[in-house]
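Here are my notes on the model you sent. Please read them with the structure open.

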Amino acid sequence: MLQLSRPTSSDLDQSSDLPADPLIIAGRTFKSRLMTGTGKYRSIEEMQQSVIASGCEIVTVAVRRVQTKAPGHEGLAEALDWTKIWMLPNTAGCKTAEEAIRVARLGREMAKLLGQEDNNFVKLEVIPDLKYLLPDPIGTLEAAEQLVKEGFAVLPYINADPLLAKRLEEVGCATVMPLGSPIGSGQGIKNEANIQIIIENAGIPVVVDAGLATPSEASQAMEMGADAVLINSAIAGAKNPAAMARAMSLGVQAGRLANLAGRIPVKVYASASSPLSGTISD
């Protein structure tokens, strides 16, 4: 197993002139713009190594699977250092708004038991469709409205629907999390136009979630202007999860830096990189 050290900001930041660029969600500041998950790993050890290699500061945990000690989740709550990692409880497995609200409340209590007394974050998932695993927009909005009233910082997982994204922002969600393509599909970003609209109109962080398979796709999301990405399957299912986690981290950093730098415009014709004046003539 390849052992990788935890990446630091100096990995890419070779210039002291580059500004600090924190990610702020619900008033809380994070340095890393890569979020990871804890599911689908072949072992707890691979999950631990991958979280460290990714340099992430937010890790999402399926509340129901931890509560029921589902296969692969036994001991998961104790496997990570929650003094360094911010827990993002998620409502995976919930098919209705009512179920998601109940599980979100359990998730908040779970975070408290692990020492994060002020953690009110929840990744909201309402997914009745078992074939394509597409989120229910109506149930998601209903649950979000109630959870915001209860003081949660709601991070809703949605299809790339610009109107729904804006509505969720208006009811008080802390982020919106549009899918790039179906969960675990590895199809990359299939909803680029809609995600671009969401990013352009959002006043809260936009986190591209689901479907990303490679560091180049993570970089693409960041180059588009996304504030962060959440990646689980592409890391957990890789031949070397820790190496892929590190690669995803670098892809996210490169994409974010490129977005801040500003790309050159697309032109119809070529434009010489060297000046034509002063050239040798016959």
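**Notes on the predicted model**

1. Confidence first. This is a predicted model, and the protein averages a pLDDT of 88, with 87% of the residues scoring at least 70. One stretch needs care: over residues 9-16, pLDDT stays under 50. For that stretch the model has 6 contacts beyond four places in sequence. Where pLDDT is low, the predicted coordinates should not be read in detail.

2. Overall make-up. The protein holds 10 helices and 10 strands. Of its 282 residues, 47% count as buried. Among contacts with a separation of 6 or more, 68% join residues 24 or more positions apart.

3. Helix 1 against helix 10. Two packed helices are described by the angle between their axes and the distance between the axes. For helix 1 (residues 44-54) and helix 10, the angle is about 20° and the axes are 8 Å apart. That angle makes helix 1 roughly parallel to helix 10. The crossing is right-handed. Helix 1 contributes Glu46, Gln49, Ser50, Ala53 and Ser54 to the contact. Helix 10 answers with Pro241, Ala242, Ala245, Arg246 and Ser249. By class, the contact has 4 nonpolar, 4 polar and 2 charged residues.

4. Helix 6 against helix 7. Helix 6 (residues 162-170) packs on helix 7 (residues 192-201) at an angle of about 30°, with the axes 9 Å apart. The cut-off for roughly parallel is under 35 degrees, so helix 6 is roughly parallel to helix 7. This crossing, too, is right-handed. From helix 6 come Pro162, Ala165, Lys166 and Glu169. From helix 7 come Asn194, Ile197, Ile198 and Asn201. The residues of this contact divide into 4 nonpolar, 2 polar and 2 charged. An α-helix has 3.6 residues a turn, so residues three or four places apart point the same way.

5. Helix 8 and its cover. Which residues of helix 8 (residues 215-223) are buried? They are Glu217, Ala218, Ser219, Ala221 and Met222. Note that the list includes Glu217. The cover over these buried residues includes strand 9 (207-209), strand 10 (228-231) and helix 10 (241-261). Just after helix 8, Gly225 takes a positive phi of about 115°.

6. Pro205. This residue lies in the loop between helix 7 and strand 9. Is Pro205 buried or exposed? Its relative accessible area is 12%, so Pro205 is buried. Beyond its neighbours within four places in sequence, Pro205 is in contact with Leu23, Ile24, Ile25, Ala174, Thr175, Val176 and Asp227. Pro205 and Met177 are 28 residues apart in sequence, yet 8.6 Å apart in space, C-alpha to C-alpha.

7. Two positive phi values to check. Most residues other than glycine have a negative phi, and most peptide bonds are trans. Ala26 has a phi near 50°, a positive value in a residue other than glycine. Lys40 lies in the loop between strand 3 (34-37) and helix 1. With a relative accessible area of 56%, Lys40 is exposed.

Note on methods. Residues numbered from 1 in each chain as written. Predicted model: local features only at pLDDT ≥ 70, side-chain atom pairs only at ≥ 80, totals over all residues. Heavy atoms only, no water. Axes fitted to C-alpha atoms, helices over the stretch in contact; angles between N-to-C directions. Helix = DSSP H or I, 4+ residues; strand = E, 2+ residues; numbered from the N terminus. Parallel < 35°, antiparallel > 145°, perpendicular 65-115°, else oblique. Left-handed = near helix turned anticlockwise from the far one by under 90°. Contact = heavy atoms within 4.5 Å. Nonpolar A, V, L, I, M, F, W, Y, C, P; charged D, E, K, R; others polar. Buried < 20%, exposed > 50% of the residue type's maximum accessible area, 1.4 Å probe, protein only. pLDDT = per-residue confidence, 0-100.
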